[in-house]
Amino acid sequence: MTTKLTLSMDKRIIEKSKKYAASQNRSLSDLIESYLISITTKSSEPIEVTNRVKALRGSFKAPAGFDYKKILQEEIIRKHG
C-alpha cells in the first residue's frame, strides 16, 4: 500500500535529485523509498526485491564454474583492503 508523503527541502536539492532520478530511469519517489528501505532494514531481514530487479532475474548466464562469492570477496578486499 502506498501513502503520500510531503517533504520540505532546499529547491536546488529537489531539482538535482529529479535530474539524477531521470538519468537513472527512476522516479524520485522510488529513489527515496529505496534509500529509506536501505537505512531502516536490518541486515538480517530480507530486502524487498523491486519489480525492476525481478525483471532482470535470469537475464545473466554465468559461465560454468563461475564463483561469484569468490569474485565478490576479492573485489571487497581490493576496494577496502
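These legends accompany close-up views of a predicted model.

**View 1. The largest pocket and the residues around its centre.** Welcome to the largest pocket, which holds about 480 Å³ of space. Its lining is made of 16 residues. Look for L5, L7, L28, S29 and I32, which lie nearest the centre of this pocket. By residue type, the lining splits into 9 nonpolar, 4 polar and 3 charged residues.

**View 2. Helices in the lining of the largest pocket.** Two helices each supply at least two residues here: helix 1, spanning 11–23, and helix 2, spanning 28–40. Helix 2 makes the biggest contribution to the lining of the largest pocket, giving 5 residues.

**View 3. The second largest pocket.** Moving on, the volume of the second largest pocket is about 310 Å³. It is lined by 14 residues, and those closest to its centre are S34, I37, E48, V49 and T50. Helix 2 and helix 3 (51–56) are the elements that give two or more residues to this lining. Helix 2 provides the largest share, with 5 residues. The lining of the second largest pocket comprises 4 nonpolar, 4 polar and 6 charged residues.

**View 4. A nonpolar patch on the surface.** Here L5, L7, M9 and I13 come together as a nonpolar surface patch.

View 5. Is L5 buried or exposed? With a relative accessible area of 58%, L5 is over the 50% cut-off, so it counts as exposed.

**View 6. N25 and its backbone angle.** Finally, have a look at the loop between helix 1 and helix 2, where N25 is found. What is the phi of N25? It is positive, at about 55°, although N25 is not a glycine. For context, most residues other than glycine have a negative phi. N25 is exposed because its relative accessibility of 61% is over 50%.

Notes
Residues are numbered from 1 along each chain as its sequence is written. This is a predicted model: local features need pLDDT of at least 70, side-chain atom pairs count only at pLDDT 80 or more; totals for chains, interfaces and linings use all residues. Side-chain values use heavy atoms; hydrogens and water are left out. On a 1 Å grid over the protein atoms alone, a cavity is a set of points where a 1.4 Å probe fits but cannot get out, and a pocket is an open set with protein on both sides within 12 Å along at least five of seven lines; lining residues have an atom within 4 Å of a point. Grid points are joined across faces, edges and corners, and a volume is the space filled by probe spheres set on the points. Helices (H or I, at least four residues) and strands (E, at least two) are DSSP runs, numbered from the N terminus. Ala, Val, Leu, Ile, Met, Phe, Trp, Tyr, Cys and Pro count as nonpolar, Asp, Glu, Lys and Arg as charged, and the others, Gly among them, as polar. Patches are made of residues with over 30% relative accessible area and no salt bridge: like charges are joined within 9 Å, nonpolar side chains (Val, Leu, Ile, Met, Phe, Trp, Tyr) within 5 Å. Accessible areas come from the Shrake-Rupley method with a 1.4 Å probe; for residues, only the protein chains shown count as cover. A salt bridge is a side-chain nitrogen of Lys or Arg within 4 Å of a carboxyl oxygen of Asp or Glu. Buried means under 20% relative accessible area, exposed over 50%, partly exposed in between (1.4 Å probe, protein chains only).
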